[in-house]
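Student: I would like to learn how to read salt bridges in a model. Please take me through them one at a time.

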Amino acid sequence: MFNGTNWMDILREELQGFLPSEKRREMLEGEAYYKGKHDILKRKKTVAGSKEPCEYLTNSKVVDNQYARVVDQKVSYLLGRPLTVATEREEFREVLTAVFGPDFQRKLRLVAEDTLNCGIGWLHPCYDRRGELMFRRIAPWELKPFWTDDAHGELEGAMRVYPRERGGGAAADTVVEHFSPEGICRFADCAGEFKQEQGIRPYFSAVQDGRELAGVWPGVPLIPFRAGFREIPLIRRVKRLQDGINLMISDFQDRMGEDTHHTVLVIRNFDGEDLGEFRRNLATFGAVKVRGDGVDGGGVETLHMEVDAENFEAVLRILKRALVENAKGFDVRDLTFAGSPNQMAIQSMYADMDLDAGVMELEFAAAFRELMGFVCAHLEWSGKSGLLPGEVELIFNRDVLINETESIENCIRSAGILSRETILYQHPWTSDVGKELQRLEDEGE
C-alpha cells in the first residue's frame, strides 16, 4: 500500500493515531459492557466536603446487564438457526456445505457480536496447517482498515495491532501486521523502537507442475461485516440507559443496607468537627458524643425516612423499557401479560428487531458475496472451477417465536394451493425439507 522511502514512518504514525482513537475506545467499551465490565464497578463514594473515597460508606456495585441481553437477542434472532447456503449448481453443493459448515457458522455468530458491540466485524480467509480453507475472526479493535473510498466499499490494505508476551516478566511487545494485496509484513514496537521483523510474506503457497508458487488472493483477504452502513456500535445508543439501570439498583441496595441513610440527623449544640468527619465517626462507631453545657444542652435527634421501593421500581421500569426501545430489541415479558397471543401480536412485538435484522441481513449478504470471491478462487485452485460468487446465496432462517397451532392450521388450509415443498418449508416441525420429502415418498411406496 505505502510507496516511497518513508512508508515505515507512515505506518508508525497510523499506529500512534489508531491506538488512542475515539473509535477504538468505543469498540473496547462495547466489548467490555458485553462482558459485564461496566462503569458502576469503578464507582467511589465520598463524604461531604471531601474528594477522598470513604471506605465506611456502603457502596454497592450491581451490574444488571440488559445490554448483553439485547445483543444476544439480536444475534440469536438472525443466526440462532443454521444458515442455508443455496445454489443451482448441483456439482458444488457438497463442497459448499463443507466450506460453510458448523465451524463457519460459529465464527459468523462471533462476528455478529462484534458488529453490534463495535460497529464492524472481520473475517480473514486463510489456510490451516493441513492446507484446508478456514475463516479466522479478527477483533475489530485490533484492525485499522485503509479504505479506497469514503463509502468503505473497497480495502486498499489494513494494519493489525496486538500484544505479544515476551515472558520473564518483561513488558509485552506491540506487534503490527500490514495486510496488502501482495501479502503480510510484520513489525514490532519494542520499548518505543519500531523495527521490521518480516518482509512481505505471501498469504499461502501453492504447488503447480512440481513448483511451489506464492499464492495471491484476488484482493486483501479481510471481509468487513456491518450491522449498518454507518458502522455505529450499539453501545452508543444505550450506554447512559444501562448506567442508569446499574445506578438505580446499586443505590436502592445501599439505601436498604445502610441504616444511617434511613434517617436525617438533627444536631444541637455540637461543633468541633465538619459534617464529613461526623458522618465517618457515625458510620464507624454508631455513636457520637455531645456536650451538655448551656440551658438546652446538646443532643442528636433523628427524623426517620422510609425508602419508597415503588419509586425505584417505577424508574427502573422506565429505564429498561427505554433501553429495549433504543436498542430495537423486545421484552419477552410482553408475552407473559398477553395470555395466548396470536401470530399478529407476536409479529408486532418483534417489529423493531425485525426491521433492524433486515438491515443487518442486507449488510451480511453483501459481505458474504465478497467472501464468495475468495471461496471461488480457492475452488478454482483446487480444480473445481466454474462457480461465480453470484451463483451462491446465503439464506438466514430467523429464529422468531410463532404460534404453532395457528401456523399448522394455515399449512393444512394451503394444501392444493401451494406445493408440498413450500408447505413443508413453512411447517414449524420441519427441520430438513429434503429429508421430509424423501420420507413422504418412502411412506407412499
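**Reading the salt bridges**

Tutor: Asp114 is buried, with a relative accessible area of 2%; buried means under 20%, exposed over 50%, and partly exposed in between (1.4 Å probe, protein chains only). This is a predicted model, where local features need pLDDT of at least 70, side-chain atom pairs count only at pLDDT 80 or more, and totals for chains, interfaces and linings use all residues. Residues are numbered from 1 along each chain as its sequence is written, and side-chain values use heavy atoms, leaving out hydrogens and water.

Student: Which residue forms a salt bridge with Asp114?

Tutor: Side chains of opposite charge can pair when their charged atoms come close. The rule asks for a side-chain nitrogen of Lys or Arg within 4 Å of a carboxyl oxygen of Asp or Glu. Here the partner is Arg137, with the closest N and O atoms 2.8 Å apart. Arg137 lies in strand 3 (residues 133-138) and Asp114 in helix 5 (residues 102-118), so the pair ties together parts 23 residues apart in sequence. Helices (H or I, at least four residues) and strands (E, at least two) are DSSP runs, numbered from the N terminus. Arg137 is partly exposed, at 29%.

Student: How many salt bridges does the structure hold?

Tutor: The count is 29 salt bridges. One of them joins the side chains of Glu26 and Arg236, at 2.7 Å from N to O. Glu26 is in helix 2 (residues 22-34) and Arg236 in helix 6 (residues 235-257), so this pair links parts 210 residues apart in sequence. Glu26 is buried at 10%, whereas Arg236 is partly exposed at 48%.
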